[in-house]
Amino acid sequence: MKKFLAKAAALLLLLPLLTACPKQQGAQTLRIYNWSDYMPEAVIQEFERREKAKVVLDTYDDPEAMISKLQAGGDSEYDLVILSDYLVGQLAKQGIILELDRSKIPNFKNLDPSFTNPAYDPQSRHSVVYQWGTTGLAYREDRVKGPVDSWGVLFDPAQSVGSFLLLTEMREQVGAALRYLGASVNSTDPTVLERAKQVLLEAKRRSQGFAGGTDAVQQVLSGNVAVAVAYSGDAFRAMQENPRVKYVIPKEGGTLWSDVLTILSKSKNAELAYRFINYLLEPEVAAKVSNGIGYGTPVSPALPMIEARDNPIIYPSPEVRRKLEFLGDLGPAADLYNRLWAEVRAQ
Ligand code: N2P
């Protein structure tokens with residue numbers, strides 16, 4: 001009897017271990033670093049259910065801060081990072097992101113061909129497009145004192161229509177100043193960049209400061225500021241909440257960008273990261289993503305399921321698209337931009 005009791009007690013003690021083991025073996029974690037407000041919760045949960053995995057999500061608003069974190073050792077903290085297209089070349093060169101094994105992403109075939117061989121990453125060797133959009137001006141029509149159709153509402157005191165916020169994303173904000181001056185968003189001409197710096201410094205003095213995309217749109221929505229530099233999808237979602245919020249691509253033009261999925265070289269679970277990328281390229285999942293966050297999908301078979309597919313805020317007309325440029329890799333001129341930006345932010 002004593003023996004029996006001892007055995008039973010030992011079994012009881014073991015029980016939690018026995019039941020916990022299979023779970024632990026199956027439990028995998030995918031650590032994602034993404035822009036804030038850029039992936040619907042339900043899409044993540046569905047993946048967790050299917051894979052019996054856990055997704056840990058960290059977010060950022062300023063890509064410069066994100067890059068600094070990755071370069072300072074943070075690249076071992078994540079498996080998958082979603083980032084601006086123009087950053088791919090630099091991260092690939094530094095060996096921070098993996099060269100992708102296409103055989104692990106069979107749904108790559110669902111991508112619109114215009115997204116499969118981008119200039120910033122020929123043949124999509126290191127990245128897969130997640131979403132695309134534009135950068136323009138979000139404003140409250142009941143708060144502005146005049147028309148909002150030009151970057152001049154930020155950069156020309158005579159065209160000012162009310163209080164405004166500048167954007168923390170360096171390339172976008174410098175790009176806007178460059179377009180206002182009639183130059184390309186990728187200009188590396190030191191004289192033109194010097195003029196852009198002056199324009200930005202002057203605007204900064206009259207502005208309410210800098211904000212990330214999510215925060216900027218929230219401040220327009222709440223009426224805290226009249227105008228803010230904003231990303232199309234964030235603005236689109238704010239418009240659903242309050243129809244007095246508007247979004248415009250200034251007449252001088254601006255950027256058309258994509259954000260891409262990348263796997264970190266130091267990922268501890270690259271297999272799961274591949275499965276996540278493949279999952280996001282399923283048409284139903286891609287439609288859920290774009291319907292949830294309001295950005296353009298690169299997944300062609302998802303388009304019929306996109307509620308806003310005829311909305312020019314998300315899918316601008318060919319005429320507007322002709323005024324938009326992709327941000328390119330700056331190469332050695334990156335230093336010029338970094339110095340310019342440091343001065344703009346510091347003064
Ligand atoms: C998410 C916006 C990120 C898009 N709030 C910027 N490319």
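Visitor: At what angle do the axes of α6 and α13 cross?

Guide: In this predicted model, the axes of helix α6 (residues 170–180) and helix α13 (residues 334–346) cross at roughly 90° and come within 11 Å, the axes being lines fitted to C-alpha atoms over the stretch in contact, with angles from 0 to 180 degrees between N-to-C directions. That makes α6 roughly perpendicular to α13, a term for angles of 65 to 115 degrees. Helices here are DSSP runs (H or I, at least four residues), as strands are (E, at least two), numbered from the N terminus.

Visitor: Which residues meet there?

Guide: M170, R171, Q173, V174 and L178 in α6 meet Y337, N338, L340 and W341 in α13, where contact means heavy atoms within 4.5 Å.

Visitor: Switching topic, how many residues of α9 are buried?

Guide: Seven of the 10 residues in helix α9 (residues 232–241) are buried, meaning under 20% relative accessible area with a 1.4 Å probe and protein chains only; they are S232, G233, D234, A235, F236, A238 and M239.

Visitor: And what covers them?

Guide: The cover over the buried residues of α9 includes β4, α8 (213–221), β7 (227–231), β8 (245–248) and α11 (283–293).

Visitor: What about N110, buried or exposed?

Guide: N110 is buried, at a relative accessible area of 11%, and sits in the loop between α4 (88–93) and β4 (128–140). Apart from neighbours within four places in sequence, N110 contacts L281, E282, P283, P298, V299, S300 and P301.

Technical notes. Residues numbered from 1 in each chain as written. Predicted model: local features only at pLDDT ≥ 70, side-chain atom pairs only at ≥ 80, totals over all residues. Heavy atoms only, no water. Buried < 20%, exposed > 50% of the residue type's maximum accessible area, 1.4 Å probe, protein only. Parallel < 35°, antiparallel > 145°, perpendicular 65-115°, else oblique.
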